[in-house]
Amino acid sequence: MNYIWSTTQRDSPLRTGLFLYLAALLLQQADCTGAREHCQVATRARRKEMNMVASTDSYMEKGCPAQHGKPIRLKQLEQKLLEVRFQEDNFTVICPNIQTFVFKIKLLFRGLNLTSELLQSKFRTQHSMHFPAALVKKGRSRAAETKLVCIYLNTPCLFQDGKNNSLLNNDILGATLENIIITNLSEPVEIRFWHNKTLDNSNATCVFWVEGSENNSLGNWSSAGCETIHQDKVVLCLCKHLTYFAVLLKVSSAPIDEAVLVPLTYISMVGCSASAAASLLTILHYLTSRKKSRDYTTKIHMNLLGTLFLLNTSFLLSEPLASVHSTWLCKGTAAFLHYSLLCCLTWMAIEGFHLYLLLIKVYNVYFRRYVLKLCGVGWGLPALIVVSILIFKEEAYGLHIIETDTGYNNTTMCWITDKAWDVHYFFNLGYAGITILFNMVILVTVVTMLKKLRSNMNNQKEQVKKDLVTVLGLTCLLGMTWALAFLSFGVFLIPQLILFTIINSLLGFFICLWYCTICRQLDTSSSTGSSQMTK
């Protein structure tokens, strides 16, 4: 970004030395490129300050690991910038995620404008700060000159109060006057945030950061004493003190009411825990059983239960691991969760393919090493997809924020990030859509065959009950319940979320019940046949 600095007087358009200041800024501007380890400034004497700014930039780039609230390093950076000595009127270091400015403020202070303009990067946003002449009057001291430190931050993680708040464009603007706490100004500091969203007083509020009262306590965002004015594509904040300012949002691309999100979270935890436990116990029972079935169908069922166990377990771990603030841990968890989901969908498609071979194409079908080849597809294809995403689009996995529309409290998990929604639509919705469509054709064909088969049989009521159990089991095995994901719009949103969460979180448990029922029926049939032969 290119910053314009000028001294102003509120009742006149006087601008002093604008082009000279611009030239000075361009000479001192630092570009953090490559690994962001080197920010170039004019003299070597300032390398400590430059390295400290670059280090903070790298820290934010990594997702602010192991730190909540305003970190100590930011206070240390402020102090270091206040101590810097320079001959020019200002000292500037600019990096992708943090930009710092130090200005010499004299007693004859008429005001100051600090404005950013969109330059080069399309992801950068525009904002500005205006400091009134009352700033020096309020902070007047014996010194003929004092320093004003201004810091721009672009990060979603540095100022967190435990509620996972959403900030407009993740922009944070802060200012500190040397050794003076500025409050109750007669004229407010004006902070402007430009945007391209539809905002008003109901979903965007100007806030400032309040530090925690204790060393280990988190701070919080507060709007007390700040006035919010919404203009055309601009949010104007009027605050009568100096600190860090931002615009707190209350919007969501997929609005979820907090009153709905909380019970859905508990349902997911209980359902996934039950499914993971049932899946694991069923697999262990199969492996340790003396009457272990060697048919292909049972082995395919066990592989599907294995994917459901991995999916439920990784989903349960994705939220607590997101709070650890470890970039690589969250990225790995998100990749494994995506791999488990793709494996689950693939094995559901394999269930449909196997059912097609058994009931529809009955004759002249033989595959050498059939189960081994199915395992290669069921476990290998998702691995190939996830590894390709990690290679070609590394930012696809990481911290994902589920926003709400009725409050500032959000939920975080390790999943596909907002930077890679093409991955979500193509490899999740697209992959699931193809699987569901294929299996739906298979299921309809099977139901039609059963109906024709039972039409001429006696004792139809008993057969209908058995067929109903079979169809319900096949519905779970073939993943038909995942079709609810395509109803998340309009009036269907809340009912769909509730049904989808309940049914799919318990999917592994339902399959285990169905499997046990089928096994019991087979045991009953075999024992009845044996007794009849004995007679």
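Visitor: Cys226 and Cys239: buried or exposed?
Guide: Cys226 is buried, and Cys239 is too. Buried means under 20% relative accessible area, exposed means over 50%, and partly exposed is what falls in between (1.4 Å probe, protein chains only). By the way, this is a predicted model, where local features need pLDDT of at least 70 and side-chain atom pairs 80 or more, while totals for chains, interfaces and linings use all residues. Numbering runs from 1 along each chain as its sequence is written, and side-chain values use heavy atoms, leaving out hydrogens and water.

Visitor: What makes Cys226 and Cys239 a disulfide?
Guide: Their sulfur atoms are 2.0 Å apart. The cut-off for a pair of cysteine sulfur atoms is within 2.5 Å, so Cys226 and Cys239 qualify.

Visitor: Which hand does the disulfide of Cys226 and Cys239 have?
Guide: The torsion about its S-S bond is about 125°, so we call it right-handed. Cys226 sits in strand S11 (residues 226-231) and Cys239 in strand S12, 13 residues apart, and the pair links distant parts of the chain. Strands here are DSSP runs of E, at least two residues, and helices are runs of H or I, at least four, numbered from the N terminus.

Visitor: How many disulfides does a search of the whole structure find?
Guide: It finds three. One of them joins Cys206 and Cys237, with the sulfur atoms 1.9 Å apart. The torsion there is about -80°, so this disulfide is left-handed. Cys206 belongs to strand S9 (residues 204-210) and Cys237 to strand S12 (residues 234-239), so parts 31 residues apart in sequence are tied together.

Visitor: Why is Cys206 called buried?
Guide: Its relative accessible area is 1%, so it passes the buried cut-off. Cys237 also has 1% and is buried.

Visitor: What is the S to S distance between Cys330 and Cys414?
Guide: It is 2.2 Å, and a disulfide joins the two. With a torsion of about -120°, the disulfide is left-handed. Cys330 lies in helix H7 (residues 327-360) and Cys414 in strand S15 (residues 411-416), so the pair ties together parts 84 residues apart in sequence. Cys330 counts as buried at 5% relative accessibility, and Cys414 counts as buried at 0%.

Visitor: What is the order of the seven strands in the open sheet?
Guide: The order is S2-S3-S6-S7-S13-S9-S10, with antiparallel pairing. S2 (90-94) and S10 (220-222) each have a single partner strand, so they stand at the edges with one side left without a neighbour in the sheet. Neighbouring strands are turned by 25° against each other on average, direction ignored.

Visitor: How do you know that S6 and S7 pair?
Guide: Pairing needs at least two DSSP bridges between two strands. S6 (residues 145-154) and S7 (residues 171-177) have seven, in the antiparallel sense, so they pair. Leu153, for instance, has Ile172 in S7 as its bridge partner.

Visitor: Which strands does helix H3 touch?
Guide: H3 (residues 72-83) packs on the sheet and touches S2, S3 (98-106), S6, S7 and S13 (244-249). Contact means heavy atoms within 4.5 Å. The direction of H3 makes about 140° with that of S6. Axes are lines fitted to C-alpha atoms, for helices over the stretch in contact, and angles run from 0 to 180 degrees between N-to-C directions.
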